[in-house]
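Here is a short briefing to read alongside the sequence and the 3D view.

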Amino acid sequence: MTSTQPNPVQAPADPAAERLRRWRLVLGGEADGTGCTLGGRDAAMDGALAALYRGTEPGQGQGQGRSGGRSAGLGGSAPQVARWLGDIREYFPTSVVQLMQQDAITRLGLDRLLLEPEMLEAVEPDVHLVGTLLSLKHALPETTRETARAVVGKVVAELERRLADRTRSTLGGALDRSAKVNRPRHSDIDWGRTIRANLKNYLPEHRTVVPERLVGYARAQRAVKKDVILCIDQSGSMAASVVHSAVFGAVLASMHSLDTRLVVFDTSVVDLTEQLTDPVDVLFATQLGGGTDINRALAYCQSKITRPSETIVVLISDLYEGGIRNEMLKRVAAMKASGVQFIALLALSDEGAPAYDHAHAAALAALGAPAFACTPDAFPDIMAAAIEKRPLPVPAGH
């Protein structure tokens with residue numbers, strides 16, 4: 001079934017009746033409590049909600065669970081669930097559909113049904129679904145693997161469409177500005193730095209500064225590069241961050257002025273740099289789940305640094321370290337002392353504040369490497385600041 005946007009429901013002329021209708025949809029169950037009886041599209045919407053949140057099998061009635069309770073139940077039939085998925089795509093907007101799908105997977109254990117092609121073809125692809133598929137990849141039957149890859153590819157393509165152009169533009173500008181010169185072209189003058197450098201030449205009678213020395217930027221040449229190492233925690237809680245990191249890794253690798261390396265880790269370390277041309281390949285090479293050894297991962301990244309003052313290391317992890325804590329902190333301190341720009345992101349996702357190890361975050365902050373969560377839309381600005389060696393635009397509250 002193809003995805004459609006829901007048709008707007010015409011509100012009744014009586015505001016009180018509309019309030020009752022909305023309460024009826026919220027509360028579900030028998031209409032006796034509100035005195036409002038649902039029909040048509042409203043009844044179908046209520047049935048779809050009841051199937052997930054009030055224990056009703058699809059087609060069993062208008063929100064009436066078998067026991068009248070709130071236990072969830074969609075049964076174990078993939079065709080039945082596929083029909084339900086089609087229904088919610090018909091009645092609700094995409095953002096709500098994705099939330100209901102995630103609830104169905106986590107509340108009802110429907111991940112096992114994602115092993116069947118007809119189920120995958122019915123779902124609305126999103127980052128959460130990709131994370132679930134990647135965690136199931138070794139269990140996927142042959143008949144489902146191509147469908148699963150297509151689902152992952154669709155999500156990756158949408159993320160690239162949303163993020164790639166702005167990332168290249170923002171980072172390209174930062175690279176252009178990162179090489180300072182004292183005889184810049186007019187269009188490359190940094191007026192803020194120029195004014196500060198010439199304040200001693202202020203003429204009060206003319207209320208102006210005489211710019212004896214111009215400060216500006218040179219245009220970045222192909223030979224001027226920054227080295228970027230993305231070090232990604234692939235434990236199960238980091239699924240959304242892994243998906244976004246793979247997309248950003250591919251975008252950064254496509255920029256000639258950057259030399260990008262992507263490393264994923266749990267208790268072992270895997271370098272996926274050679275696969276960065278295809279973020280879908282990167283994602284299927286990850287192994288979501290398992291433990292965490294940040295120290296081992298940073299040791300590997302440290303061994304790949306050849307130009308410390310031109311290197312940016314981005315650690316994306318919730319910092320729940322299973323390795324040697326003190327060694328991890330010593331490595332971060334050593335990298336920073338050598339001139340490496342070190343960024344610690346607790347998450348790279350749109351999911352809000354993540355759970356993380358507060359003690360380790362505080363220890364990194366004490367080393368001058370504040371740890372904070374970052375949305376995908378904010379990531380280009382974080383990287384641009386690191387390239388220009390400006391203070392990072394840390395979100396409020398971190």
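How many nonpolar, polar and charged residues are in the lining of the largest pocket? By class, there are six nonpolar, six polar and seven charged residues. Please keep in mind that this is a predicted model.

**The largest pocket**
- The volume of the largest pocket is about 430 Å³.
- The pocket is lined by 19 residues, and those closest to its centre are Gln 98, Pro 125, Asp 126, Val 127 and Leu 159.
- Four helices each supply at least two residues of this lining: H4 (94-108), H6 (127-136), H7 (142-177) and H9 (239-253).
- H7 gives the largest share, with five residues.

**The largest cavity**
- The structure holds one cavity of 30 Å³ or more, and the largest cavity has a volume of about 60 Å³.
- Its lining has 11 residues, with Leu 85, Gln 101, Ala 104, Ile 105 and Met 119 nearest the centre.
- Helix H3 (78-91) and helix H4 each supply at least two residues of the cavity lining; H4 also supplies at least two to the lining of the largest pocket.

**Nonpolar cores**
- The largest nonpolar core has 75 residues, and the ones with the most contacts inside it are Trp 84, Phe 92, Leu 114, Leu 283, Val 314 and Phe 379.
- H7 provides the largest share of this core, 10 residues.
- Another core, of 25 residues, lies apart from it and includes Val 263, Leu 298, Cys 301 and Ile 305.

**Helix H14**
- Helix H14 (residues 379-388) is largely enclosed by the rest of the structure, because nine of its 10 residues are buried.
- The buried residues are Phe 379, Pro 380, Ile 382, Met 383, Ala 384, Ala 385, Ala 386, Ile 387 and Glu 388.
- Phe 379 is also one of the residues with the most contacts inside the largest nonpolar core.
- After H14 comes Lys 389, which has a positive phi near 60°.

**Positive phi in loops**
- As background, most residues other than glycine have a negative phi.
- Arg 207, which is not a glycine, has a positive phi near 50°; this residue sits in the loop between strand S2 (202-203) and strand S3 (208-209).
- Arg 207 has a relative accessibility of 72%, so it counts as exposed.
- Leu 319, also not a glycine, has a positive phi of about 70° and lies in the loop between strand S8 (311-316) and helix H12 (325-337).
- Is Leu 319 buried or exposed? With a relative accessibility of 1%, Leu 319 counts as buried, the cut-off being under 20%.

**Around Glu 310**
- Glu 310 is found in the loop between helix H11 (294-303) and strand S8.
- This residue has a relative accessible area of 25%, so it is partly exposed.
- Setting aside neighbours within four places in sequence, Glu 310 is in contact with Lys 225, Lys 226 and Asp 227.
- With Lys 226 there is a polar contact between side chains, at 2.7 Å.
- Glu 310 and Gly 339 are 29 residues apart in sequence, and their C-alpha atoms are 7.8 Å apart in space.

Conventions
Residues are numbered from 1 along each chain as its sequence is written. This is a predicted model: local features need pLDDT of at least 70, side-chain atom pairs count only at pLDDT 80 or more; totals for chains, interfaces and linings use all residues. Side-chain values use heavy atoms; hydrogens and water are left out. Buried means under 20% relative accessible area, exposed over 50%, partly exposed in between (1.4 Å probe, protein chains only). Contact means heavy atoms within 4.5 Å. A polar contact is a pair of N or O atoms within 3.5 Å; within protein, one must be able to donate a hydrogen and the other to accept it, and residues adjacent in sequence count only if both atoms are side-chain atoms. On a 1 Å grid over the protein atoms alone, a cavity is a set of points where a 1.4 Å probe fits but cannot get out, and a pocket is an open set with protein on both sides within 12 Å along at least five of seven lines; lining residues have an atom within 4 Å of a point. Grid points are joined across faces, edges and corners, and a volume is the space filled by probe spheres set on the points. Ala, Val, Leu, Ile, Met, Phe, Trp, Tyr, Cys and Pro count as nonpolar, Asp, Glu, Lys and Arg as charged, and the others, Gly among them, as polar. A nonpolar core is a set of buried Ala, Val, Leu, Ile, Met, Phe, Trp, Tyr and Cys residues joined through side-chain atoms within 4.5 Å.
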